[in-house]
Amino acid sequence: MFLPRPSAPLPSRQDFDPHGGDLDALCAWRNFGGLSLAAAYEKFLTVPESYQEDFMFMGCRAFAYYFPVIDRYLRTVTLGPDDLGDCEAAILGSAVAAQFGWNGAVIPASLRAEIASLRAFVVENVARYAATEKERRRILREWRRVAEELAKKTPDTSS
């Protein structure tokens with residue numbers, strides 16, 4: 001169910017915190033460092049509202065490895081009848097967009113394609129994530145930022 005990723009080596013602490021000493025990146029390392037994709041997904045499912053921002057602050061290499069957690073979650077989650085939030089779809093969109101802004105960020109072409117596919121899915125299925133029009137607009141605004149980042153000219157990032 002996950003998009004292909006090597007089983008080893010897992011992202012290192014430096015992959016999570018490439019600039020050294022970023023407290024948010026180190027928090028992401030404490031939460032996800034050393035976990036397989038399956039284990040990371042299971043952990044994320046326990047409290048997505050607590051782990052969603054970790055994807056915003058982990059370094060590019062760690063993000064590239066763990067992106068399938070976001071992808072699988074957003075392709076499978078739906079709003080429950082009593083939910084008033086947005087299933088974390090807006091914050092996860094913000095996290096994805098933020099990855100493009102890291103100093104020295106390199107988003108490989110293969111990951112850009114995965115991000116583009118997920119962005120299209122979220123936009124086409126926004127009603128499954130939010131009960132109110134206001135929340136749906138918020139989700140769409142964050143994923144529009146993702147589209148803008150994807151559209152920017154980047155150096156050759158094939159792989």
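**Exercise 1. Work out the secondary-structure make-up of the protein chain.**

Solution. Start by counting: the chain has nine helices and zero strands, where helices (H or I, at least four residues) and strands (E, at least two) are DSSP runs numbered from the N terminus. Next, read the order from the N terminus, which gives α-α-α-α-α-α-α-α-α.

A word on the source: this is a predicted model, in which local features need pLDDT of at least 70 and side-chain atom pairs count only at pLDDT 80 or more, while totals for chains, interfaces and linings use all residues. Residues are numbered from 1 along each chain as its sequence is written, and side-chain values use heavy atoms, with hydrogens and water left out.

**Exercise 2. Describe how helices α6 and α8 pack.**

Solution. First, locate them: α6 covers residues 60–76 and α8 residues 109–124. Their axes (lines fitted to C-alpha atoms over the stretch in contact, with angles from 0 to 180 degrees between N-to-C directions) lie 11 Å apart at an angle of about 20°. The two helices are therefore roughly parallel (angles under 35 degrees).

Now list the contacts (heavy atoms within 4.5 Å). On the α6 side, Phe 63, Phe 67 and Asp 71 are among the residues taking part; the α8 side includes Leu 111, Glu 114 and Phe 121.

**Exercise 3. Find what share of the protein chain is buried.**

Solution. Apply the cut-off of under 20% relative accessible area (1.4 Å probe, protein chains only): 45% of the 159 residues count as buried.

Conventions:
Parallel < 35°, antiparallel > 145°, perpendicular 65-115°, else oblique. Buried < 20%, exposed > 50% of the residue type's maximum accessible area, 1.4 Å probe, protein only.
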